[in-house]
Amino acid sequence: MSIEGKVALITGAGQGIGRAIALRLASDGADISLVDVNADRVGAVADEVRAAGSKAISLIADVTDRDQVRSAVDRTEHELGGFDIIVNNAGIAQVDPIADATPEDVSRILAVNVEGVLWGIQAAADKFRARGHGGKIINASSIAGHEGFAMLGVYSATKFAVRALTQAAAKEYASEGITVNAYCPGVVGTDMWVTIDERFAALTGAPKGATFEKFVGGIALGRAQTPEDVAAYVSYLAGPDSDYMTGQAGLIDGGLVYR
């Protein structure tokens, strides 16, 4: 079933998974508000959405700033005439041994990966309530939100936190017709995984590409994940077929982590 005529806001929409989600939801019939910190990238994706036949706006906002997130939601409603779906996709990775974590590193990744999701949940729920209808809140977790990985300890902790926020928000907002779910990708061929691989190489001495190939080798379906694989699952979470699903953090990883 489509989401024809709905309005969806996607954070971290300028590249990778966020871009794929924007294009998929546009193909499903939604109008798209694209939020990112990089004006050039997000503007280019907005052009792609328009070329696909949907309305699109590009907004510059830092998800670590609660007021900027709320402003983005308000502008989305004003400029696109509604507000029905938020995808809290923005996130960053950090690859370091736990022993090397610094207060500055921890504060930064918590601000983006956890607070950014929290501010999105709050702003979306308040907007749905003000408009007098339910809505869909969809959060980015990870396979690292189901299993802690060596050298990704703090990152894993942030993704476990997203699962906790997803479950708690689902319980708090269910009576208002708001569902809250998360998606948990695995090894996706994006710039984030290039960075992860390069950092593993620097820390362990492994050749560049070796860590990526090692993880891909453990995938049951035998290939790395594409951003479009993730977007297909988000499409389900955004649409009416998932109306009876809430509080879940579904693994979409080709068969790598099993829960």
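**Exercise 1.** Does Asp 28 count as buried or exposed, and at what relative accessibility? Then describe its pairing with Arg 24.

*Solution.* Note at the outset that this is a predicted model.
- Step 1. Buried means under 20% relative accessible area.
- Step 2. Asp 28 has 16% relative accessibility, so it counts as buried.
- Step 3. The side chain of Asp 28 meets that of Arg 24 in a salt bridge, at 3.3 Å from N to O.
- Step 4. Arg 24 is partly exposed, with a relative accessible area of 32%.

**Exercise 2.** Find which residue forms a salt bridge with Glu 77, and state where the two partners lie.

*Solution.* 
- Step 1. The partner of Glu 77 is Arg 131; their closest N and O atoms are 2.9 Å apart.
- Step 2. Glu 77 lies in helix H3 (residues 66–80), and Arg 131 lies in helix H4 (residues 103–131).
- Step 3. The pair therefore ties together parts that are 54 residues apart in sequence.
- Step 4. Arg 131 counts as partly exposed, at 34% relative accessibility.

**Exercise 3.** Work out how strand S6 (residues 178–185) is covered and which strands it pairs with.

*Solution.* 
- Step 1. Eight of the eight residues of S6 are buried.
- Step 2. In a regular strand, side chains alternate between the two faces of the sheet.
- Step 3. On one side of S6 sit Ile 178, Val 180, Ala 182 and Cys 184; on the other sit Thr 179, Asn 181, Tyr 183 and Pro 185. Both faces are covered.
- Step 4. Strand S5 (residues 135–140) runs parallel to S6, joined by six bridges. Ala 140 has Tyr 183 as its bridge partner.
- Step 5. Strand S7 (residues 249–252) also runs parallel to S6, joined by four bridges. Here Ala 182 stands opposite Ala 249.
- Step 6. S5, helix H5 (residues 153–173) and S6 make a right-handed β-α-β unit.

**Exercise 4.** Locate Tyr 155 and describe its surroundings.

*Solution.* 
- Step 1. Tyr 155 lies in helix H5.
- Step 2. An unreviewed UniProt entry places the feature "active site" at Tyr 155.
- Step 3. Tyr 155 is buried, with a relative accessible area of 9%.
- Step 4. Not counting residues up to four places away in sequence, Tyr 155 touches residues including Ile 92, Asn 113, Ser 142 and Met 192.

Definitions and conventions: Residues numbered from 1 in each chain as written. Predicted model: local features only at pLDDT ≥ 70, side-chain atom pairs only at ≥ 80, totals over all residues. Heavy atoms only, no water. Buried < 20%, exposed > 50% of the residue type's maximum accessible area, 1.4 Å probe, protein only. Helix = DSSP H or I, 4+ residues; strand = E, 2+ residues; numbered from the N terminus. Pairing = 2+ DSSP bridges. Right-handed = clockwise from strand over helix to strand, strands pointing away. UniProt positions renumbered as here; feature names shortened; annotations may be inferred. Contact = heavy atoms within 4.5 Å. Salt bridge = Lys/Arg side-chain N within 4 Å of Asp/Glu carboxyl O.
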